[in-house]
Structures are given as structure tokens and as C-alpha cells.
Amino acid sequence: MTGVPDWELVARAQAGDMHSFAELVRRYQDPVVHFCQRMVGSVDDAEDIAQESFVRVYRYLNRLRPEAKFSTVLFGMARNLTLNFIRDTGRRGRGKTRSLTREDQSQTVVLDEAYRPDRSARLSEIESLIEQALTRLSPEHREVLVLREVQGLDYETIAGIVKCRVGTVKSRLARARDQLRARLVELGGDEL
Amino acid sequence: MNGKRLREELSAFLDGEAADPDRMARLVREDAEARRVYDEMRRTSAQVKRLQPPTVDPSFHTRVMAGVREPEPVGYGWIHRALIPAAVALTVLMVAGLFVYSRDAFAPTSGPEGSWAEMDPGALMAALETKLTESPEAFEAAGIAPTSGSFGLESGEPSDDLRESALDWVAGLPVDYSNETDLDTLLGSLNEEEEETLRAMLVDYAERGWTT
């Protein structure tokens, strides 16, 4: 089923073929979880949100029409759920969204504001700096940056996912890059 | 190109989405500041692209497929989906009802055009006085005005007798005010402002029970 186009799999799933939907999940689970993780921070939360995204898309399956890419529909759903999560956890406090890796893993990134990494161990530390800087962006800047840089999507697809004009994506991305740069400087990564 | 626009275009150029890539390439090549900003963006972008994806839990796929096989929660179907549109429709109906009620409750029983006698003669006469003071020639132009001298306007200031003179002037007009055709002819010969002023005078007459 590897070479079957997304919408063909959707059509088969609409006809009741669960294997086709299972293939869609297999095809998109990594990028969707990655997108969610960059948006909410924790891998556990990201997996929960990604799972809910697939389930909801499945429930809407019979109403889906191949007017856009399937990935746009799926990422659009994931995006809505991550924004709900961020809004809800924002009300309850942001602790959970600050954990950047799986909560049961030992290598949780240090998020001390005064953290200044040793320049001799730059590679992994640069990654943690970028992760920290990303979490400090507003959701609307973070989402376009992640969709572009991490997922490699074009402006039109991003516009479809975040439901705005291509021109808005363009300006938001430029602003997001400026903001990311500023956050990196704040975190001591100004030589990046 | 201002700074904000330049950064947007450089950012789009970096993504291969610039409107005019040749121009941007030339700019990056020839302009030191543009090149600095572009290099900075490119470095940061490369770092973000290098972020490692998380390792998705091996049970993730199984969990998703178990989730889609679960029956939809009760109330999640058409009732749930219809709830929001129904609430919106109800709110719209309530607001519309309130609007209609308030419009009927507070609207005047008739508009100012409904009856001259219902208009405020004091305010209208004041408008007449202003009009006559400022531009008596407007009435002259309509061929129905007296000379300004008859209103005592030589000095440019309204005299104490202005109001009375104005009323006398209207009384002297060769118009049968009980005849709608005459009135229409008279009003039709005036511009909007003059008509408004004359109406004011006639209202005043009506208030006094004056007839020709």
C-alpha cells in the first residue's frame, strides 16, 4: 500500500477498509507527533493530541472531500487540538508544556532561565537552546515555523492548515524568525 | 523597500517563495545588510531543521486504531453538532426581537415630515434667522425674496425686528398656502436649504393658526 495516494486510501477507508486507514496512520504518525511535540513541548502530550487528531479525522471520514491535501486536513486537526491544549494548559499553568521530552526519560532539558551552556558541548546544547527558544514563541509564530522548518511544507499548504492567506504566512514566518533569533540571544545563543 | 518588507522578502527567498527571486538574489549578493540578515536567517533555519524528531512510542499505532474502533461518545453525533448552530440561531432571534421591540417602543409616532405642526417652530425660526442673516441673497435668487434692506440687514447683523419682518415677508408672498400645488411650486423653486428654511417659517405660521 506504500505507493497508494492518500485520497485513494481515504476512499477505501470510507468504504470500510480499516487497513487503508491504518496505512494513513502509519504514513503520518511521525510527522504529526513531531508537529504536536514542537507545539506543546511534551512527547506524551503530543502523542495524546496526535492520537485524538487521527480519531477525529476518522470520525469525519465520510465528510472528507479531496479538495485539499489529506495532510492539510490532518495537520489542521492537529493544529486545532494543540491550540486548545495550549489554551487550556495556559489557564492551568504552563508546567506541563515546558517538558521537552518524554516525561519518563532521564534527559529532560534544563530550562533554567540563567542556563548558559558550555561552548565545548555545543551540538546537543544548540538543539536544546532552539527548543527552548521555540517554546517562547507565541503559538501563531511557532506553528508556521514548525510547519515550514520541521515539516518542510510550502506556504500554500501552511495557509490551508492555519486557515489564513499566503501573504499572512509569509509575514508571520519572517516575524517568527526574528522572534526566534531574539529568544536565542536572550538564552545566550547569540553566536548561532 | 523598508526593513520589515525586506525581512519578509528575505525570509520568503530563503524558503524559495519570493515573488521575485532574481531580484532577491541580486540584493543578497550586492547589499551587505541584506546579506547579513539573510545569512542570519539561514543559520537559524538550519538549526531548527536539524531538531531531532521524537521517538514515537511503538504502541502509538495500536492505540490510534483502538481509538477509531471505539464507538463515538454518546451525544457527539448530530445532537452535539446541532447544538452550536441552534444556540447561535436563538441568540440572533432574541437580538432581532429586542431590536424590533425597542424600535417600536421608542420611535416617534410620526416623522418630522409627517406634519408641519409637529415640528419645533422655535428651532426652525432660529434656522430661518440664521439663514436670512447669512445669505438673504439665496431668497433673492429664488425670485421670492425681499431686498435685504427690508429686513434691516444693511449692517450685516440681525435686527430685533428680524423675526417679525420675516413673518411679514412670508405673509406677503403671492402664495395660497392652503393650495398644495402652490406650495409645491414655491418649494420646487428653492434649493434644499432654502426649502428647509421656508418650511420652518410655514410651520411657525401653522402654529399660530395663520392662514391666507
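**Figure 1. Salt bridges in the predicted model.** Over all chains, the structure holds 26 salt bridges, and the model shown is a predicted one. One of the salt bridges joins the side chains of Glu143(A) and Arg79(A), with a distance of 2.9 Å from N to O. This pair links distant parts of the chain: Glu143(A) lies in helix H6 of chain A and Arg79(A) in helix H4 of chain A, 64 residues apart.

**Figure 2. The contact between chain A and chain B.** Chain A contributes 44 residues to the contact, and chain B contributes 38 residues. Between them the two chains bury about 3700 Å², and 60% of this area is on carbon and sulfur atoms. Which residues of chain A lose the most area to chain B? They are Arg59(A), Glu149(A) and Lys170(A), which together make up 17% of what that side buries.

Figure 3. Seven salt bridges are counted between chain A and chain B. In a salt bridge between Glu9(B) and Lys170(A), the side chains meet at 2.6 Å, N to O. With both residues at pLDDT 80 or more, 16 residue pairs are in polar contact between chain A and chain B.

**Figure 4. The side of chain A that touches chain B.** Five helices of chain A each supply at least two residues of this side: H2 (18–40), H3, H5 (122–135), H6 (139–150) and H8 (166–186). The largest share, 11 residues, comes from H2(A). Sorted by class, the side of chain A that touches chain B has 21 nonpolar, 18 charged and five polar residues.

**Figure 5. The second largest pocket.** The volume of the second largest pocket is about 280 Å³. Helix H3 (43–59), helix H4 (70–92) and helix H7 (155–162) of chain A are the elements that give two or more residues to its lining. Which element gives the largest share of the lining of the second largest pocket? H4(A) does, with five residues.

**Figure 6. Residues lining the second largest pocket.** The lining includes Arg56(A), Val57(A), Tyr60(A) and Leu64(A). Thr72(A), Val73(A), Gly76(A), Met77(A) and Asn80(A) also line the pocket, as do Gly160(A), Ile161(A) and Lys163(A). By class, six of the lining residues are nonpolar, four are polar and two are charged.

Methods: Residues numbered from 1 in each chain as written. Chains lettered and ligands numbered in written order. Predicted model: local features only at pLDDT ≥ 70, side-chain atom pairs only at ≥ 80, totals over all residues. Heavy atoms only, no water. 1 Å grid on protein atoms, 1.4 Å probe; cavity = no way out; pocket = protein on both sides within 12 Å on 5 of 7 lines; lining within 4 Å. Points joined across faces, edges and corners; volume = space filled by probe spheres on them. Helix = DSSP H or I, 4+ residues; strand = E, 2+ residues; numbered from the N terminus. Nonpolar A, V, L, I, M, F, W, Y, C, P; charged D, E, K, R; others polar. Contact = heavy atoms within 4.5 Å. Buried area = accessible area lost by both parts, 1.4 Å probe. Salt bridge = Lys/Arg side-chain N within 4 Å of Asp/Glu carboxyl O. Polar contact = N/O pair within 3.5 Å; in protein donor to acceptor, adjacent residues only side chain to side chain.
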